[in-house]
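Here are my notes on the model. Please read them with the structure open.

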Protein chains: 2
Amino acid sequence: MRGISISNKSNKPIYQQLFEQISSQILKGELESDFNLPAIRTAAKELRISIITVKKAWEKLERDGLIYSVAGKGCFISDLSNNELGNKRTNIIRKQMLKDLLFYKNLGISEDEIIKLVKELYSKVLSC
Amino acid sequence: MRGISISNKSNKPIYQQLFEQISSQILKGELESDFNLPAIRTAAKELRISIITVKKAWEKLERDGLIYSVAGKGCFISDLSNNELGNKRTNIIRKQMLKDLLFYKNLGISEDEIIKLVKELYSKVLSC
DNA sequence: CATACTGTGCCTATCGTATATACACAGTAT
DNA sequence: ATACTGTGTATATACGATAGGCACAGTATG
């Protein structure tokens, strides 16, 4: 599990953290398609979490079409073109941004103010 | 309780919905300072929710300095200047936007792409 | 002072979600 | 046959959100 870090102090549930970090890696093309994900039991042991928690994250990834699982074989990264990856990524961001913009707008902030804040804060955010 | 709508189907807890809607009204200057908030028991009855839930929302509002409560009297909107209201509003949005931008950035999206999406989506969002 | 409000604090109870452990079953590869 | 794999189920714990009830103390009004 390269680059996966789980915190039980986070406000986000563990399965959600797992899902977000792996889907991020897939969407950025950092994982080759048809590459084996670690076996559920293995991942659970490595991360010292429950099998159910891992399963939940894997199920969420499968629902989003990012991985596919074969009973008895394992779980694999879906074979998606760069175009498809880009579309999935944009759709996820678009969906999330609608919620975010609603929150901002309900506080009475204008489009220009939002863009000004984006420009001010974007570089301050450390992506991981 | 003007303009307050609670949904138990929302993924957000009830006290959070209450908090967000009232703080939004205060921050937009829609409620006069020193105006009485409804009594906790009254609000709970009107909204058909538990007293504890209302209390939780009121406590969150007090922690943010948006209201103050006097035992035996009631809860009142804090007396804040337009300047202070604006600052509080911006700080809340700034804090939230840092989380939002982290989420976008972790999916590998550039500043320009974000701004493009903001411009595309802002008008589509119906504030309430 | 009596009454009726107010906020506050505590106890109990229920419900759903997240998490964990254990076991059994079935598919796959060697 | 053996050792992997995913899947399903049963049980258990912990915690947050929600709800109802009760008691206490402060405030205002008569």
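1. α2(A) contributes the most to the surface near DNA strand D, giving three residues. "Near" means that a residue's C-beta atom, placed from the backbone, lies within 6 Å of the strand. Helices (H or I, at least four residues) and strands (E, at least two) are DSSP runs, numbered from the N terminus.

2. This is a predicted model: local features need pLDDT of at least 70, side-chain atom pairs count only at pLDDT 80 or more, and totals for chains, interfaces and linings use all residues. Residues are numbered from 1 along each chain as its sequence is written, while chains are lettered from A and ligands numbered from 1 in the order in which they are written.

3. At least two residues of that surface come from each of α2 (40-47) and β2 (74-77) of chain A, and α1 (14-27) and α3 (51-63) of chain B. There are 20 residues around DNA strand D; A:A39, B:P13, B:I14, B:S50 and B:G72 come nearest.

4. How do the residues of this surface divide? They are 11 nonpolar, seven polar and two charged. Ala, Val, Leu, Ile, Met, Phe, Trp, Tyr, Cys and Pro count as nonpolar, Asp, Glu, Lys and Arg as charged, and the others, Gly among them, as polar.

5. B:Q16 sits in helix α1 of chain B. B:Q16 is partly exposed, because 15 other C-beta atoms lie within 10 Å (buried takes 20 or more, exposed 12 or fewer, partly exposed is in between; C-beta atoms are placed from the backbone). B:Q16 and B:A57 are 41 residues apart in sequence, yet 6.5 Å apart in space, C-alpha to C-alpha.

6. In chain A, β1 (residues 67-70) and β2(A) pair antiparallel over four bridges. Pairing requires that DSSP finds at least two bridges. A:I67 has A:I77 of β2(A) as its bridge partner. The hairpin has three residues between its strands, and A:G72 there takes a positive phi near 90°.
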